[in-house]
Amino acid sequence: MRHCLALDLKDDPALIAEYEAYHRNIWPEVRAHLHAHGVTGMEIYRLGTRMVMLMETDDARYDAEAMAAATRNDPKIREWEALMWKFQAPTPWTSEGEKWVEMKRIFELQ
């Protein structure tokens, strides 16, 4: 299944450059965490401070709630998430306490 999510970055060119540098070489624990929870592919695109993530998942193994719980229980993943929050900002439509928010598909060409 494909998921499309949005998140903003803080409007600071130095922070944006550092964020992109981290994503050119994500921590092995982060990569393993994603694969372990059924994420089979992921791409992040940026325009200014707005980011869009396309995430492919294996329906048989992906469970967003289980992945979130595993994130809360894994010190290394919590460390990565805290570090990323240094660069990230919620969108104007993001609820309190959330980061990446699923976008609504409004068109599909078949």
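At 31% relative accessibility, Glu-81 counts as partly exposed; buried means under 20% relative accessible area, exposed over 50%, and partly exposed in between (1.4 Å probe, protein chains only). This is a predicted model, in which local features need pLDDT of at least 70, side-chain atom pairs count only at pLDDT 80 or more, and totals for chains, interfaces and linings use all residues. Residues are numbered from 1 along each chain as its sequence is written, and side-chain values use heavy atoms, without hydrogens and water.

Glu-81 forms a salt bridge with Lys-99, a salt bridge being a side-chain nitrogen of Lys or Arg within 4 Å of a carboxyl oxygen of Asp or Glu. Lys-99 is buried, at 18% relative accessible area. By this rule there are eight salt bridges, including those tabulated here.

| Salt bridge | Closest N and O atoms |
|---|---|
| Glu-81 and Lys-99 | 2.9 Å |
| Lys-86 and Glu-18 | 3.4 Å |

Helices (H or I, at least four residues) and strands (E, at least two) are DSSP runs, numbered from the N terminus.

Helix 1 (residues 13-24) and helix 4 pack at an angle of about 150°, with their axes 10 Å apart. Axes are lines fitted to C-alpha atoms, for helices over the stretch in contact, and angles run from 0 to 180 degrees between N-to-C directions. In this packing, Tyr-19, Tyr-22 and His-23 of helix 1 meet Trp-80, Leu-83 and Met-84 of helix 4, where contact means heavy atoms within 4.5 Å.
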